[in-house]
Amino acid sequence: MWQQILPGLRIKLFFTLVLGIGYPLAVTGISQLILTKQANGSLVTAGGQVVGSELIGQNFSKPEYFHPRPSAAGDKGYDATASTGSNLGPTNKKLIDRVAASVDQFRKENPDYQGPIPADLVTASGSGLDPHISPDSARAQATRVAKARGASIDQVNQLIARYTEQPDLGFLGEPRVNVLKLNLALDGELARR
């Protein structure tokens with residue numbers, strides 16, 4: 001009997017050591033050497049303190065800040081421990097009501113904007129924690145932000161252009177604006193009234 005069990009136990013011990021301990025330690029070590037910032041969560045600091053991550057969306061609701069996409073993560077949104085989409089279909093009444101409420105809120109907060117509302121300002125992402133908005137979404141909020149900060153619309157649009165990230169490798173994805181980075185730039189360059 002032991003002749004049949006011992007080889008299986010040795011294989012299990014070997015693979016536990018190699019794949020359960022050795023491989024994770026090697027990958028972690030290599031990541032810390034080559035991609036330190038990414039391996040540690042792509043943290044963003046301001047004033048010597050960590051204020052967030054480039055990879056996790058945060059809720060900004062004050063008029064002097066750009067607002068992110070709505071979040072379906074957690075009961076109040078933006079809960080990184082509950083990252084998930086709503087999984088509601090396009091004909092679901094709950095989704096229709098939530099999008100309609102988001103449209104109404106956007107119109108109330110941005111009365112000067114008359115164009116079509118970009119979809120990413122009223123719909124949540126698949127994770128519910130997308131840190132980016134489209135450049136059109138940022139421009140749709142530019143007048144509100146400029147007024148709240150006592151700045152010109154041109155100054156705000158220049159910041160949007162400067163913080164617009166192009167598609168990865170020139171063709172993967174869409175142009176996007178990281179809301180946290182843009183809002184930190186606003187605080188650094190365009191002081192609030």
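Biologist: Which residue's backbone nitrogen lies 3.1 Å from a polar atom of the side chain of Ser 71?

Modeller: The pair qualifies as a polar contact (N or O atoms within 3.5 Å; within protein, one must be able to donate a hydrogen and the other to accept it, and residues adjacent in sequence count only if both atoms are side-chain atoms). This is a predicted model, in which local features need pLDDT of at least 70 and side-chain atom pairs count only at pLDDT 80 or more, while totals for chains, interfaces and linings use all residues. Residues are numbered from 1 along each chain as its sequence is written, and side-chain values use heavy atoms, with hydrogens and water left out. The backbone nitrogen in question belongs to Ala 73.

Biologist: What is the distance from the side chain of Ser 71 to the backbone nitrogen of Tyr 78?

Modeller: Ser 71 sits in the loop between strand 2 and helix 3 (93-109); helices (H or I, at least four residues) and strands (E, at least two) are DSSP runs numbered from the N terminus. Leaving aside neighbours within four places in sequence, Ser 71 is in contact (heavy atoms within 4.5 Å) with Gly 77, Tyr 78, Ala 124, Gly 128 and Leu 129. A polar atom of its side chain lies from the backbone nitrogen of Tyr 78 at 2.8 Å.

Biologist: At what angle do the axes of helix 5 and helix 6 cross?

Modeller: Contact is made by Leu 159, Ile 160 and Arg 162 of helix 5 with Leu 182, Ala 185, Leu 186 and Glu 189 of helix 6. Axes are lines fitted to C-alpha atoms, for helices over the stretch in contact, and angles run from 0 to 180 degrees between N-to-C directions. The two axes come within 10 Å, and they cross at roughly 135°.

Biologist: How is that orientation classed?

Modeller: Angles under 35 degrees count as roughly parallel, over 145 as roughly antiparallel, 65 to 115 as roughly perpendicular and the rest as oblique. The crossing angle is roughly 135°. Helix 5 is therefore, relative to helix 6, oblique.

Biologist: Is Ser 42 buried or exposed?

Modeller: Ser 42, in the loop between helix 2 (36-39) and strand 1, has a positive phi of about 50° although it is not a glycine. Buried means under 20% relative accessible area, exposed over 50% and partly exposed in between (1.4 Å probe, protein chains only). Because its relative accessibility is 5%, Ser 42 counts as buried.

Biologist: What is the relative accessible area of Leu 169?

Modeller: Leu 169 is not a glycine, yet it has a positive phi of about 55°. It is placed in the loop between strand 4 (164-165) and strand 5. Leu 169 is exposed, with a relative accessible area of 71%.
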